[in-house]
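Here are my notes on the model, point by point. Please read them with the structure open.

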Amino acid sequence: MKKNKIALITGITGQDGSYLAEILLKKNYIVHGIIRKSSSFNTGRIDHLYTNTEILNKKLFLHYGDIVDTSNLNRLLEKIQPDEIYNLAAQSHVLVSFQIPDYTSQVDALGTLRILDAIRETGLNKTKFYQASTSELFGKVQEIPQTEKTPFYPRSPYGVAKLYAYWIIINFREAYNLFASNGILFNHESPRRGETFVTRKITRAAAQIVLGRQNKILLGNLDAKRDWGYAPEYCEGMWRILQHKEGDDFILATGETHSVREFTELTFKDLGIELTWRGKAEKEKGIVKSFEPDRNKLLSKNSKKIGKIRKGDIIIEVSPSYYRPTEVELLVGDSSKAKKLLGWQAKTKFEDIVKIMVDADLQKQIRK
Ligand code: NAP
Ligand code: G4F
(Lines give C-alpha, C1' and ligand atoms only; values in the text may rest on other atoms or scores of the structure.)
(Ligands and ions follow the chains in the order given, each with its own letter.)
Protein backbone atom coordinates (compact mmCIF):
# COMPACT_ATOMS: atom_id res chain seq x y z
CA MET A 1 0.00 0.00 0.00
CA LYS A 2 1.25 3.48 -0.88
CA LYS A 3 2.29 5.50 2.18
CA ASN A 4 0.54 8.86 2.69
CA LYS A 5 2.86 11.80 2.20
CA ILE A 6 3.56 13.92 5.25
CA ALA A 7 3.49 17.71 5.05
CA LEU A 8 4.41 20.30 7.65
CA ILE A 9 2.87 23.77 7.33
CA THR A 10 4.19 26.72 9.30
CA GLY A 11 1.59 29.51 9.43
CA ILE A 12 -1.31 27.02 9.19
CA THR A 13 -3.61 29.44 11.06
CA GLY A 14 -3.14 32.15 8.39
CA GLN A 15 -5.14 32.75 5.20
CA ASP A 16 -2.92 30.59 2.98
CA GLY A 17 -2.11 27.96 5.62
CA SER A 18 -5.80 27.21 6.07
CA TYR A 19 -6.44 26.74 2.32
CA LEU A 20 -3.26 24.74 1.83
CA ALA A 21 -4.19 22.39 4.70
CA GLU A 22 -7.56 21.71 3.00
CA ILE A 23 -5.89 21.08 -0.36
CA LEU A 24 -3.29 18.68 1.07
CA LEU A 25 -5.87 16.77 3.14
CA LYS A 26 -7.92 16.30 -0.06
CA LYS A 27 -4.80 14.89 -1.69
CA ASN A 28 -4.51 12.37 1.17
CA TYR A 29 -1.56 13.93 2.90
CA ILE A 30 -1.04 13.66 6.62
CA VAL A 31 -0.81 17.32 7.58
CA HIS A 32 1.09 18.74 10.54
CA GLY A 33 0.79 22.41 11.41
CA ILE A 34 2.69 24.70 13.74
CA ILE A 35 0.49 27.02 15.78
CA ARG A 36 1.59 29.80 18.11
CA LYS A 37 0.57 30.04 21.74
CA SER A 38 -1.84 32.93 21.98
CA SER A 39 -3.91 34.40 24.83
CA SER A 40 -6.99 34.26 22.62
CA PHE A 41 -8.18 31.78 19.98
CA ASN A 42 -6.11 31.98 16.78
CA THR A 43 -7.42 28.89 15.00
CA GLY A 44 -10.59 30.46 13.53
CA ARG A 45 -9.57 29.75 9.93
CA ILE A 46 -8.98 26.04 10.58
CA ASP A 47 -11.74 25.39 13.14
CA HIS A 48 -13.76 23.48 10.55
CA LEU A 49 -10.87 20.99 10.22
CA TYR A 50 -9.77 21.11 13.82
CA THR A 51 -13.21 20.30 15.26
CA ASN A 52 -13.76 17.41 12.83
CA THR A 53 -13.05 14.23 14.80
CA GLU A 54 -12.50 12.29 11.57
CA ILE A 55 -9.57 14.60 10.85
CA LEU A 56 -8.00 15.87 14.07
CA ASN A 57 -5.18 13.64 15.31
CA LYS A 58 -5.89 11.21 12.47
CA LYS A 59 -4.96 13.24 9.39
CA LEU A 60 -4.25 16.66 10.89
CA PHE A 61 -1.88 17.23 13.81
CA LEU A 62 -1.23 20.59 15.43
CA HIS A 63 1.89 21.44 17.41
CA TYR A 64 2.76 24.51 19.41
CA GLY A 65 5.84 26.22 18.07
CA ASP A 66 7.42 29.33 16.70
CA ILE A 67 9.89 29.81 13.90
CA VAL A 68 12.08 31.94 16.12
CA ASP A 69 12.59 28.88 18.38
CA THR A 70 15.41 26.72 17.00
CA SER A 71 15.22 23.83 19.46
CA ASN A 72 11.45 23.56 18.98
CA LEU A 73 11.93 23.37 15.19
CA ASN A 74 14.60 20.69 15.51
CA ARG A 75 12.39 18.60 17.81
CA LEU A 76 9.37 18.93 15.52
CA LEU A 77 11.28 17.95 12.39
CA GLU A 78 12.86 14.98 14.17
CA LYS A 79 9.43 13.80 15.28
CA ILE A 80 7.38 14.55 12.13
CA GLN A 81 9.95 13.62 9.43
CA PRO A 82 7.99 15.55 6.76
CA ASP A 83 8.28 14.84 3.04
CA GLU A 84 7.32 18.45 2.30
CA ILE A 85 7.60 21.64 4.36
CA TYR A 86 5.61 24.75 3.45
CA ASN A 87 7.03 27.77 5.24
CA LEU A 88 4.15 30.23 5.30
CA ALA A 89 4.77 31.67 8.77
CA ALA A 90 5.60 35.37 8.70
CA GLN A 91 4.97 38.77 10.16
CA SER A 92 3.21 39.47 6.89
CA HIS A 93 2.05 43.08 7.22
CA VAL A 94 4.19 45.55 5.27
CA LEU A 95 3.28 48.73 7.21
CA VAL A 96 3.72 46.94 10.55
CA SER A 97 7.22 45.87 9.46
CA PHE A 98 8.32 49.53 9.65
CA GLN A 99 7.34 49.54 13.32
CA ILE A 100 8.85 46.16 14.22
CA PRO A 101 11.72 45.69 11.73
CA ASP A 102 13.89 43.64 14.07
CA TYR A 103 11.10 41.17 14.92
CA THR A 104 10.02 41.03 11.26
CA SER A 105 13.58 40.06 10.28
CA GLN A 106 13.81 37.48 13.07
CA VAL A 107 10.70 35.74 11.74
CA ASP A 108 10.70 36.40 8.00
CA ALA A 109 14.44 36.21 7.28
CA LEU A 110 16.09 34.16 10.04
CA GLY A 111 13.01 31.98 10.59
CA THR A 112 13.54 30.58 7.10
CA LEU A 113 17.22 29.93 7.81
CA ARG A 114 16.33 28.17 11.08
CA ILE A 115 14.04 25.71 9.29
CA LEU A 116 16.60 25.06 6.55
CA ASP A 117 19.24 24.46 9.22
CA ALA A 118 16.91 22.14 11.11
CA ILE A 119 16.44 20.12 7.90
CA ARG A 120 20.20 19.65 7.71
CA GLU A 121 20.62 19.03 11.47
CA THR A 122 18.04 16.25 11.35
CA GLY A 123 19.47 14.78 8.14
CA LEU A 124 16.19 15.18 6.21
CA ASN A 125 18.00 15.64 2.92
CA LYS A 126 15.06 14.38 0.84
CA THR A 127 12.54 16.79 2.36
CA LYS A 128 11.22 19.38 -0.08
CA PHE A 129 10.93 22.97 1.11
CA TYR A 130 8.53 25.67 -0.11
CA GLN A 131 9.29 29.28 0.82
CA ALA A 132 6.52 31.89 0.77
CA SER A 133 8.36 34.52 -1.24
CA THR A 134 6.60 37.65 -2.38
CA SER A 135 6.14 40.26 -5.08
CA GLU A 136 7.22 42.78 -2.41
CA LEU A 137 10.78 41.78 -3.46
CA PHE A 138 10.21 43.85 -6.65
CA GLY A 139 9.21 46.94 -4.62
CA LYS A 140 10.28 49.91 -6.74
CA VAL A 141 9.77 47.96 -9.91
CA GLN A 142 12.60 47.81 -12.41
CA GLU A 143 10.50 46.27 -15.17
CA ILE A 144 6.81 45.86 -16.10
CA PRO A 145 5.54 43.16 -15.87
CA GLN A 146 7.80 41.48 -13.31
CA THR A 147 9.25 38.07 -14.19
CA GLU A 148 11.59 35.66 -12.36
CA LYS A 149 14.46 37.59 -14.01
CA THR A 150 13.44 41.12 -12.95
CA PRO A 151 15.95 42.69 -10.51
CA PHE A 152 14.69 43.18 -6.96
CA TYR A 153 14.33 46.51 -5.11
CA PRO A 154 12.46 45.93 -1.83
CA ARG A 155 10.85 48.96 -0.17
CA SER A 156 10.16 47.83 3.40
CA PRO A 157 11.76 45.90 6.25
CA TYR A 158 9.31 43.13 5.30
CA GLY A 159 10.54 43.11 1.69
CA VAL A 160 14.17 43.17 2.76
CA ALA A 161 13.67 40.30 5.24
CA LYS A 162 11.91 38.25 2.56
CA LEU A 163 14.78 38.97 0.18
CA TYR A 164 17.19 37.36 2.65
CA ALA A 165 14.87 34.35 2.82
CA TYR A 166 14.72 34.18 -0.98
CA TRP A 167 18.50 34.05 -1.29
CA ILE A 168 19.11 31.64 1.59
CA ILE A 169 16.74 29.21 -0.17
CA ILE A 170 18.82 29.46 -3.33
CA ASN A 171 22.06 29.18 -1.37
CA PHE A 172 20.97 25.98 0.43
CA ARG A 173 19.72 24.56 -2.88
CA GLU A 174 23.11 25.14 -4.50
CA ALA A 175 25.36 24.43 -1.50
CA TYR A 176 23.65 21.32 -0.10
CA ASN A 177 21.56 20.12 -3.02
CA LEU A 178 18.33 20.58 -1.06
CA PHE A 179 15.01 20.65 -2.90
CA ALA A 180 14.12 24.21 -1.93
CA SER A 181 11.85 26.51 -3.95
CA ASN A 182 10.62 30.09 -3.82
CA GLY A 183 7.02 30.79 -4.76
CA ILE A 184 7.11 34.49 -5.63
CA LEU A 185 3.43 35.12 -5.09
CA PHE A 186 1.67 38.36 -5.97
CA ASN A 187 -1.14 39.55 -3.69
CA HIS A 188 -3.88 36.98 -3.25
CA GLU A 189 -7.10 37.57 -1.40
CA SER A 190 -10.17 35.75 -0.10
CA PRO A 191 -12.84 35.97 2.59
CA ARG A 192 -10.14 34.59 4.94
CA ARG A 193 -7.78 37.51 4.28
CA GLY A 194 -6.57 39.26 7.45
CA GLU A 195 -8.82 42.22 8.27
CA THR A 196 -6.01 44.80 8.22
CA PHE A 197 -5.00 44.15 4.59
CA VAL A 198 -6.61 46.67 2.29
CA THR A 199 -9.02 44.42 0.34
CA ARG A 200 -10.59 42.80 3.39
CA LYS A 201 -10.57 46.08 5.29
CA ILE A 202 -12.66 47.58 2.48
CA THR A 203 -15.13 44.70 1.98
CA ARG A 204 -15.68 44.32 5.72
CA ALA A 205 -16.21 48.03 6.34
CA ALA A 206 -18.46 48.42 3.28
CA ALA A 207 -20.73 45.63 4.55
CA GLN A 208 -20.96 47.39 7.91
CA ILE A 209 -21.69 50.75 6.24
CA VAL A 210 -24.64 49.48 4.14
CA LEU A 211 -26.10 47.85 7.25
CA GLY A 212 -25.82 51.14 9.15
CA ARG A 213 -23.24 49.85 11.63
CA GLN A 214 -20.33 52.10 10.61
CA ASN A 215 -20.19 55.55 8.98
CA LYS A 216 -16.97 55.64 7.01
CA ILE A 217 -13.64 53.99 6.20
CA LEU A 218 -10.21 55.58 6.57
CA LEU A 219 -7.76 54.48 3.89
CA GLY A 220 -4.19 55.32 2.86
CA ASN A 221 -2.82 55.45 -0.69
CA LEU A 222 -5.79 55.00 -3.05
CA ASP A 223 -3.62 54.94 -6.17
CA ALA A 224 -1.38 52.00 -5.28
CA LYS A 225 -1.86 49.22 -7.83
CA ARG A 226 -1.70 45.52 -7.15
CA ASP A 227 -1.98 42.27 -9.07
CA TRP A 228 -4.73 40.65 -6.98
CA GLY A 229 -5.50 36.94 -7.38
CA TYR A 230 -7.66 34.41 -5.55
CA ALA A 231 -5.90 32.73 -2.61
CA PRO A 232 -7.14 29.10 -2.95
CA GLU A 233 -5.73 28.93 -6.50
CA TYR A 234 -2.37 30.24 -5.31
CA CYS A 235 -2.21 27.58 -2.57
CA GLU A 236 -2.76 24.87 -5.18
CA GLY A 237 0.17 26.51 -7.01
CA MET A 238 2.37 26.10 -3.92
CA TRP A 239 1.78 22.35 -4.04
CA ARG A 240 2.54 22.24 -7.77
CA ILE A 241 5.84 24.05 -7.16
CA LEU A 242 6.94 21.20 -4.87
CA GLN A 243 5.81 18.54 -7.39
CA HIS A 244 8.14 19.97 -10.06
CA LYS A 245 11.09 17.75 -10.96
CA GLU A 246 13.54 20.00 -9.10
CA GLY A 247 13.71 22.96 -6.74
CA ASP A 248 13.15 26.21 -8.65
CA ASP A 249 11.60 29.68 -8.32
CA PHE A 250 8.20 30.59 -9.76
CA ILE A 251 6.03 33.68 -10.02
CA LEU A 252 2.30 33.20 -9.42
CA ALA A 253 0.26 36.20 -10.59
CA THR A 254 -2.77 37.13 -12.70
CA GLY A 255 -1.01 39.56 -15.08
CA GLU A 256 -3.64 42.27 -14.36
CA THR A 257 -3.23 45.28 -12.11
CA HIS A 258 -5.88 47.41 -10.37
CA SER A 259 -5.76 50.31 -7.94
CA VAL A 260 -7.05 50.43 -4.37
CA ARG A 261 -9.50 53.06 -5.69
CA GLU A 262 -10.89 50.59 -8.26
CA PHE A 263 -11.21 47.90 -5.60
CA THR A 264 -13.13 50.35 -3.41
CA GLU A 265 -15.47 51.49 -6.21
CA LEU A 266 -16.28 47.91 -7.20
CA THR A 267 -16.93 46.87 -3.60
CA PHE A 268 -19.48 49.63 -3.06
CA LYS A 269 -21.01 49.06 -6.49
CA ASP A 270 -21.69 45.44 -5.50
CA LEU A 271 -23.60 46.80 -2.52
CA GLY A 272 -25.61 49.32 -4.56
CA ILE A 273 -23.55 52.44 -3.87
CA GLU A 274 -22.06 54.49 -6.68
CA LEU A 275 -19.10 56.56 -5.53
CA THR A 276 -17.62 59.81 -6.70
CA TRP A 277 -14.33 61.35 -5.54
CA ARG A 278 -13.61 64.92 -4.47
CA GLY A 279 -10.39 66.61 -3.33
CA LYS A 280 -6.75 65.56 -3.63
CA ALA A 281 -4.26 63.52 -1.56
CA GLU A 282 -5.03 63.71 2.19
CA LYS A 283 -8.09 65.87 1.47
CA GLU A 284 -9.65 63.38 -0.93
CA LYS A 285 -13.09 62.03 0.01
CA GLY A 286 -15.24 59.21 -1.35
CA ILE A 287 -18.80 60.46 -1.65
CA VAL A 288 -22.09 58.68 -2.28
CA LYS A 289 -23.40 59.53 -5.76
CA SER A 290 -26.37 57.18 -5.52
CA PHE A 291 -27.59 54.31 -3.34
CA GLU A 292 -29.95 51.66 -4.62
CA PRO A 293 -30.01 48.96 -1.99
CA ASP A 294 -30.94 45.42 -2.92
CA ARG A 295 -33.40 44.87 -0.05
CA ASN A 296 -33.52 41.09 -0.58
CA LYS A 297 -29.77 40.95 -0.19
CA LEU A 298 -29.49 43.25 2.83
CA LEU A 299 -32.54 42.44 4.94
CA SER A 300 -33.03 39.17 6.82
CA LYS A 301 -34.18 37.76 10.15
CA ASN A 302 -31.01 39.04 11.83
CA SER A 303 -30.58 42.27 9.92
CA LYS A 304 -33.69 44.39 9.95
CA LYS A 305 -32.12 47.68 9.02
CA ILE A 306 -30.38 49.22 6.03
CA GLY A 307 -27.99 52.13 6.63
CA LYS A 308 -29.50 55.61 6.12
CA ILE A 309 -27.15 56.49 3.29
CA ARG A 310 -27.86 59.61 1.23
CA LYS A 311 -26.42 61.18 -1.86
CA GLY A 312 -23.52 63.43 -0.79
CA ASP A 313 -22.57 61.42 2.33
CA ILE A 314 -18.82 61.10 2.84
CA ILE A 315 -18.04 57.42 3.40
CA ILE A 316 -14.30 57.33 2.59
CA GLU A 317 -11.58 59.55 3.96
CA VAL A 318 -7.82 59.43 3.56
CA SER A 319 -5.65 59.08 6.64
CA PRO A 320 -1.87 59.56 6.23
CA SER A 321 -1.41 57.16 9.17
CA TYR A 322 -1.87 54.39 6.58
CA TYR A 323 0.81 55.75 4.24
CA ARG A 324 4.07 53.81 4.14
CA PRO A 325 7.43 55.60 4.52
CA THR A 326 8.37 54.01 1.19
CA GLU A 327 5.54 52.70 -0.96
CA VAL A 328 5.32 50.02 -3.61
CA GLU A 329 3.29 51.87 -6.24
CA LEU A 330 2.64 49.17 -8.81
CA LEU A 331 2.91 45.41 -9.08
CA VAL A 332 1.97 43.21 -12.01
CA GLY A 333 3.41 39.76 -12.56
CA ASP A 334 4.10 37.50 -15.51
CA SER A 335 3.54 33.88 -14.53
CA SER A 336 4.34 32.33 -17.94
CA LYS A 337 7.02 30.10 -16.40
CA ALA A 338 4.50 28.58 -13.94
CA LYS A 339 2.03 28.09 -16.79
CA LYS A 340 4.61 26.36 -18.96
CA LEU A 341 6.31 24.16 -16.35
CA LEU A 342 3.56 23.61 -13.78
CA GLY A 343 0.40 24.04 -15.83
CA TRP A 344 -0.67 26.70 -13.30
CA GLN A 345 -2.74 29.73 -14.25
CA ALA A 346 -4.83 32.20 -12.22
CA LYS A 347 -8.50 31.73 -13.11
CA THR A 348 -10.72 33.89 -10.90
CA LYS A 349 -11.12 37.40 -12.30
CA PHE A 350 -10.65 40.58 -10.28
CA GLU A 351 -14.41 41.45 -10.38
CA ASP A 352 -15.27 37.97 -9.07
CA ILE A 353 -12.76 38.14 -6.23
CA VAL A 354 -14.35 41.42 -5.11
CA LYS A 355 -17.82 39.84 -5.32
CA ILE A 356 -16.79 36.73 -3.37
CA MET A 357 -15.29 38.86 -0.60
CA VAL A 358 -18.21 41.33 -0.46
CA ASP A 359 -20.78 38.52 -0.29
CA ALA A 360 -18.87 36.71 2.45
CA ASP A 361 -18.49 39.86 4.56
CA LEU A 362 -22.12 40.83 4.08
CA GLN A 363 -23.30 37.38 5.19
CA LYS A 364 -20.95 37.51 8.16
CA GLN A 365 -22.26 40.92 9.27
CA ILE A 366 -25.89 39.90 8.71
CA ARG A 367 -25.41 36.82 10.92
CA LYS A 368 -24.02 38.96 13.79
P1 NAP B 1 -1.16 35.59 7.31
O2 NAP B 1 -2.63 35.38 7.14
O3 NAP B 1 -0.67 36.82 7.99
O4 NAP B 1 -0.62 34.32 8.13
C5 NAP B 1 0.67 34.29 8.69
C6 NAP B 1 0.80 33.04 9.52
O7 NAP B 1 2.12 33.04 10.11
C8 NAP B 1 -0.19 32.93 10.69
O9 NAP B 1 -0.55 31.59 10.84
C10 NAP B 1 0.65 33.38 11.88
O11 NAP B 1 0.20 32.88 13.12
C12 NAP B 1 1.99 32.76 11.51
N13 NAP B 1 3.13 33.30 12.20
C14 NAP B 1 3.49 34.59 12.33
N15 NAP B 1 4.64 34.70 13.02
C16 NAP B 1 5.00 33.43 13.36
C17 NAP B 1 6.09 32.88 14.09
N18 NAP B 1 7.01 33.66 14.63
N19 NAP B 1 6.15 31.54 14.22
C20 NAP B 1 5.19 30.74 13.71
N21 NAP B 1 4.12 31.20 13.03
C22 NAP B 1 4.05 32.54 12.85
O23 NAP B 1 -0.40 35.50 5.93
P24 NAP B 1 -0.90 34.88 4.54
O25 NAP B 1 -1.58 35.94 3.76
O26 NAP B 1 -1.56 33.58 4.78
O27 NAP B 1 0.51 34.65 3.81
C28 NAP B 1 1.23 33.43 3.99
C29 NAP B 1 2.69 33.66 3.66
O30 NAP B 1 2.82 34.11 2.31
C31 NAP B 1 3.38 34.73 4.49
O32 NAP B 1 4.71 34.32 4.67
C33 NAP B 1 3.33 35.98 3.64
O34 NAP B 1 4.40 36.84 3.96
C35 NAP B 1 3.49 35.37 2.26
N36 NAP B 1 2.85 36.08 1.15
C37 NAP B 1 1.54 36.40 1.20
C38 NAP B 1 0.93 37.00 0.11
C39 NAP B 1 -0.53 37.37 0.13
O40 NAP B 1 -0.94 38.14 -0.75
N41 NAP B 1 -1.32 36.81 1.03
C42 NAP B 1 1.69 37.27 -1.04
C43 NAP B 1 3.03 36.90 -1.07
C44 NAP B 1 3.59 36.28 0.03
P45 NAP B 1 -0.97 33.62 13.97
O46 NAP B 1 -2.25 33.20 13.32
O47 NAP B 1 -0.77 33.11 15.32
O48 NAP B 1 -0.73 35.10 13.84
O1 G4F C 1 -3.27 45.08 1.45
P2 G4F C 1 -1.92 45.60 1.72
O3 G4F C 1 -1.57 45.87 3.14
O4 G4F C 1 -0.93 44.57 1.04
P5 G4F C 1 0.60 44.69 0.57
O6 G4F C 1 1.31 45.77 1.26
O7 G4F C 1 0.60 44.70 -0.91
O8 G4F C 1 1.20 43.30 1.12
C9 G4F C 1 0.52 42.07 0.92
O10 G4F C 1 0.91 41.53 -0.32
C11 G4F C 1 2.32 41.17 -0.40
C12 G4F C 1 2.56 40.62 -1.81
O13 G4F C 1 2.84 41.67 -2.69
C14 G4F C 1 2.62 40.15 0.67
F15 G4F C 1 3.92 39.78 0.58
C16 G4F C 1 2.34 40.74 2.03
O17 G4F C 1 2.57 39.75 3.03
C18 G4F C 1 0.87 41.16 2.09
O19 G4F C 1 0.07 40.00 2.01
O20 G4F C 1 -1.70 46.95 0.90
C21 G4F C 1 -1.89 47.03 -0.50
C22 G4F C 1 -1.79 48.47 -0.94
C23 G4F C 1 -0.56 49.21 -0.42
O24 G4F C 1 0.00 49.96 -1.46
C25 G4F C 1 -1.08 50.15 0.65
O26 G4F C 1 -0.35 51.35 0.80
O27 G4F C 1 -2.91 49.17 -0.39
C28 G4F C 1 -2.47 50.42 0.12
N29 G4F C 1 -3.43 50.86 1.13
C30 G4F C 1 -4.22 51.97 1.03
N31 G4F C 1 -4.96 52.11 2.13
C32 G4F C 1 -3.67 50.27 2.31
C33 G4F C 1 -4.64 51.06 2.95
N34 G4F C 1 -3.18 49.15 2.89
C35 G4F C 1 -3.65 48.79 4.11
N36 G4F C 1 -3.20 47.65 4.68
N37 G4F C 1 -4.58 49.55 4.77
C38 G4F C 1 -5.11 50.71 4.24
O39 G4F C 1 -5.94 51.37 4.85
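This is a predicted model: local features need pLDDT of at least 70, side-chain atom pairs count only at pLDDT 80 or more; totals for chains, interfaces and linings use all residues.

1. An α-helix has 3.6 residues a turn, so residues three or four places apart point the same way.

2. The length of α12 checks out. Helix α12 covers residues 350–367, which is 18 residues. At 1.5 Å a residue it should span 26 Å, and its end C-alpha atoms are 26 Å apart, so the two agree.

3. Now the sheet. Seven strands form an open sheet with parallel pairing. Their order is β3-β2-β1-β4-β5-β6-β11. At the edges sit β3 (60–64) and β11 (249–252), each pairing on one side only. From one strand to the next, the twist averages 20 degrees.

4. Strand β6 (residues 179–185) pairs with β11 in the parallel sense, over four bridges. Ile-184 stands opposite Ile-251 in β11.

5. Two helices deserve a look against the sheet. Helix α8 (residues 231–243) packs on it and touches β4, β5, β6 and β11. The direction of α8 makes about 135 degrees with that of β4. Helix α5 (residues 101–121) lies across β1 (6–10), β4 (84–87) and β5 (128–134). Helix α5 runs at about 170 degrees to β5.

Technical notes
Residues are numbered from 1 along each chain as its sequence is written. Chains are lettered from A and ligands numbered from 1 in the order in which they are written. Side-chain values use heavy atoms; hydrogens and water are left out. Two strands pair if DSSP finds at least two bridges between them. Axes are lines fitted to C-alpha atoms, for helices over the stretch in contact, and angles run from 0 to 180 degrees between N-to-C directions. Contact means heavy atoms within 4.5 Å. The expected span of a helix is 1.5 Å times one less than its number of residues.
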